[in-house]
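Visitor: I would like to understand how the words used for a protein structure follow from values and cut-offs. Could you take me through this one?

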Amino acid sequence: YLSFLRASLDGKFIPTVMMAASHGESFSNGQRLLQQVVSEMHSLFHGMINITEESFLLDCRKSRSPEMKQLKRFLKQERKKFVESDVRYPRLCEPVANKLLPTLREQREDPFMETEELVQIIEKEECPGQDKEIIKKVIDFLDEAGEVRCCSCYQLYWTCCRL
């Protein structure tokens, strides 16, 4: 995943990634193994991807475990820090990310959508009459934040045909 992420970068943005390992219950030395992997990933992707110091060893079958709650808390804190620290965060991002995107995820079977289709939906549902360039900036920001993944029609075709 990190290699794919690195290959997808445009050089303008360095993403932050948190490492989580599933099947933590399968290893008696799982935490040590996870720390070794995180350390190796730090050295491999240094300067290209920010890998957080926090990592999580999870039993994914237990959604209410203390480790899962710790992970959820961490993700909420990181999102809050990201939103509060980025002065470019457009005011339109919050209603789109918190209201429109969850609704779209529930309504659509297919998670893939062209950028232009998403622009039209946002314009219709959240900001009628808004300049399309501003909406595209909102989408770009949400893409950087990991809320959406935007592709051109060609990229969608390439992604789907390789599955």
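Visitor: What makes the axes of helix α4 and helix α5 a crossing, and at what angle do they cross?

Guide: In this predicted model, the axes of helix α4 (residues 93-107) and helix α5 (residues 115-125) come within 12 Å and cross at roughly 115°. Axes here are lines fitted to C-alpha atoms, for helices over the stretch in contact, and angles run from 0 to 180 degrees between N-to-C directions. Helices (H or I, at least four residues) and strands (E, at least two) are DSSP runs, numbered from the N terminus.

Visitor: Which residues of α4 and α5 meet?

Guide: Val96, Leu100, Leu101 and Leu104 in α4 meet Leu118, Ile121, Ile122 and Glu125 in α5, where contact means heavy atoms within 4.5 Å. The residues of this contact divide into seven nonpolar, no polar and one charged, given that Ala, Val, Leu, Ile, Met, Phe, Trp, Tyr, Cys and Pro count as nonpolar, Asp, Glu, Lys and Arg as charged, and the others, Gly among them, as polar.

Visitor: Why is the pair of Phe56 and Phe74 called tilted?

Guide: Rings of Phe, Tyr and Trp (its six-membered ring) pair if their centres lie within 6.5 Å, and planes under 30 degrees apart count as stacked, over 60 as edge-to-face and the rest as tilted. The rings of Phe56 and Phe74 have centres 5.4 Å apart and planes at 55°, so the pair is tilted. A search of the whole structure finds one aromatic pair, and this pair links Phe56 in strand β2 (residues 50-57) with Phe74 in helix α3 (residues 66-85), 18 residues apart.

Visitor: Why does Phe56 count as buried?

Guide: Buried means under 20% relative accessible area, exposed over 50%, and partly exposed in between (1.4 Å probe, protein chains only). Phe56 has 5% relative accessibility and therefore counts as buried, and Phe74, at 7%, is buried as well.

Visitor: What makes a nonpolar core, and which residues touch the most other members of the largest one?

Guide: A nonpolar core is a set of buried Ala, Val, Leu, Ile, Met, Phe, Trp, Tyr and Cys residues joined through side-chain atoms within 4.5 Å. Of the 19 residues in the largest, Leu101, Leu104, Leu118, Ile122, Ile139 and Leu142 touch the most other members, and α4 gives the most to this core, with six residues.

Visitor: How should I read the numbering and the values?

Guide: Residues are numbered from 1 along each chain as its sequence is written, and side-chain values use heavy atoms, with hydrogens and water left out. As the model is predicted, local features need pLDDT of at least 70 and side-chain atom pairs count only at pLDDT 80 or more, while totals for chains, interfaces and linings use all residues.
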